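Welcome! Please take a moment to look over the sequence and turn the model around before reading on. We will then walk through it piece by piece.

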Amino acid sequence: MITKQQILDALSNVEEPDLKKDLVTLNMIENIEILPNKIKFDVVLTTPACPLKGHIEHACRNAIAFFVSKDVDVEINMTARVRPVENAQLKNIKNIVLVSSGKGGVGKSTVAANLALALSQTGAKTGLLDADIYGPSVPIMFGLDGARPESTQTADGQTKIVPIEKFGLKLLSIGFFTDPNQPIPWRGPMATSAIKQLFNDTDWGELDYLVVDMPPGTGDIHITVAQQYPISGAVIVTTPQQVALADAIKGMAMYQMEGVQVPILGVIENMAYFTPAELPDNKYYIFGKDGGKRLAEQNNVPFIGEIPLVKAVADAGDNGFPVALDADDPVTKSFASIAGRVAQELSILAATV
């Protein structure tokens with residue numbers, strides 16, 4: 001008769017590749033059931049976006065076959081429970097991820113939108129906050145021009161903004177409250193006050209990830225967000241050419257300043273190469289090659305991935321249907337891989353705290 005202890009002993013030989021400890025020690029094995037000729041159990045990953053899910057499941061099956069019995073049927077339910085960062089202000093949000101760039105024009109907002117969608121498509125509860133108040137992009141990229149969020153009253157009498165939901169994401173942008181044809185001449189205090197309202201006065205509900213599209217550069221809003229809220233980590237978006245890399249270095253250094261101290265999850269290289277639609281296997285490095293990779297290596301942070309320069313990405317954003325929603329587009333795989341790496345880095349950070 002197979003026992004629960006035999007199963008746990010077997011699975012204690014399976015190591016979580018990122019956390020470098022076995023699944024039993026990490027309390028990732030739950031709900032063990034022993035039936036005639038069958039074993040059932042859950043493997044609780046640290047994120048539904050885990051890129052090593054298949055590897056871990058395969059290792060569990062091999063461990064049962066080798067240490068328990070190769071004749072027993074094994075049913076594994078691969079599930080996930082995202083680990084939260086301690087958060088007194090926004091208790092229902094487990095992780096806040098900043099998407100940042102040293103300069104404008106590198107496709108930061110496109111990356112933020114598609115990263116949020118890719119995380120959501122893994123089953124994670126995800127929100128996207130457009131904090132780029134000087135040039136909000138979310139209303140256009142999600143086909144929400146003219147949309148206005150509703151409000152709700154909490155049990156203690158507070159009025160809260162209700163994010164707009166589309167494509168499985170909870171969305172909020174300063175662009176929902178302003179005239180798109182009028183400039184917004186924000187002074188520093190006004191800008192930071194507006195950002196605090198978007199964070200604090202919104203009923204986000206339960207979220208595994210809140211992706212925040214930050215303004216380009218390094219300024220008041222960056223410092224305010226980093227100091228006021230428990231940020232899980234920041235992603236730096238750059239393009240390969242030297243002028244973008246120089247500004248990305250400054251952006252990275254700002255998050256590492258004393259008094260800010262936001263972990264850098266890694267670097268994403270956008271517009272890494274050009275691929276014509278009619279020649280999908282060709283790569284033309286029109287802005288240079290591997291600039292983002294070198295930036296990551298020189299600063300000892302992960303290189304999360306690269307995104308090609310293809311017209312479909314821009315067209316999808318302009319049409320209000322971000323490219324990550326198109327399962328047949330090769331770029332969608334790039335964003336899925338990047339989402340997995342971001343979730344992976346967050347899990348590693350959470351385990352070391």
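Is strand β11 largely enclosed by the rest of the structure, or is it left open? Five of the five residues of β11 are buried, so this strand is largely enclosed by the rest of the structure. Here, buried means under 20% relative accessible area, while exposed means over 50% and partly exposed lies in between, with a 1.4 Å probe and protein chains only. The side chains of β11 point two ways: L169, L171 and S173 to one side, K170 and L172 to the other, and all are buried.

Before going further, a word on how to read this. The model is predicted, so local features need pLDDT of at least 70 and side-chain atom pairs count only at pLDDT 80 or more, whereas totals for chains, interfaces and linings use all residues. Residues are numbered from 1 along each chain as its sequence is written, and side-chain values use heavy atoms, leaving out hydrogens and water. Helices (H or I, at least four residues) and strands (E, at least two) are DSSP runs, numbered from the N terminus.

Now to the neighbours of β11. Strands of a sheet pair through backbone hydrogen bonds, either parallel or antiparallel. Two strands are said to pair if DSSP finds at least two bridges between them. On one side, β10 and β11 pair in the antiparallel sense over three bridges, and I164 has L171 as its bridge partner in β11. The hairpin of β10 and β11 has two residues between the strands, and in this hairpin F167 takes a positive phi near 55°. Strand β7 (residues 126-130) pairs with β11 (residues 169-173) in the parallel sense, over four bridges. Along this pairing, G127 stands opposite K170 and D130 stands opposite S173.

I133 is found in the loop between β7 and α4 (138-141), and at 0% relative accessibility I133 counts as buried. The C-alpha atoms of I133 and S173 are separated by 7.9 Å, although the two residues are 40 apart along the chain.

Let us step back to the whole sheet. Eight strands form an open sheet with mixed pairing, in the order β10-β11-β7-β12-β6-β13-β14-β15. Its edge strands are β10 (164-166) and β15 (303-309), each of which pairs on one side only. On average, neighbouring strands of this sheet are turned by 25° against each other, direction ignored. Angles run from 0 to 180 degrees between N-to-C directions, and axes are lines fitted to C-alpha atoms, for helices over the stretch in contact.

Helices pack on this sheet too. Helix α7 (residues 242-255) touches β6 (96-100), β13 (233-238) and β14 (264-274), and its direction makes about 170° with that of β13. Contact means heavy atoms within 4.5 Å. Helix α10 (residues 330-352) lies across β6, β12 (209-213), β13, β14 and β15, running at about 165° to β15.

Helix α7 has a helix partner as well. The axes of α7 and α8 (residues 291-298) come within 11 Å and cross at roughly 35°. Their contact is made by L245, A248, I249 and M252 of α7 and G291, G292 and L295 of α8.

What about the nonpolar interior? A nonpolar core is a set of buried Ala, Val, Leu, Ile, Met, Phe, Trp, Tyr and Cys residues joined through side-chain atoms within 4.5 Å. The largest has 84 residues, and F142, F199 and Y255 touch the most other members. Helix α3 (residues 108-120) gives the most to this core, with eight residues. Apart from it lies another core, of 25 residues, including V14, I29, V68 and I76.

Finally, visit a second sheet. It is open, with three strands in the order β3-β4-β5 and mixed pairing. β3 (29-35) and β5 (73-80) stand at the edges with a single partner strand each, so one side of each is left without a neighbour in the sheet. Five bridges join β3 to β4 (residues 38-45), and these two strands run antiparallel. Within that pair, E30 stands opposite D42. Helix α1 (residues 4-11) packs on this sheet, touching β3 and β4, and makes about 130° with the direction of β3. Helix α2 (residues 53-67) packs on the sheet as well, touching β4 and β5, with its direction at about 150° to that of β5.
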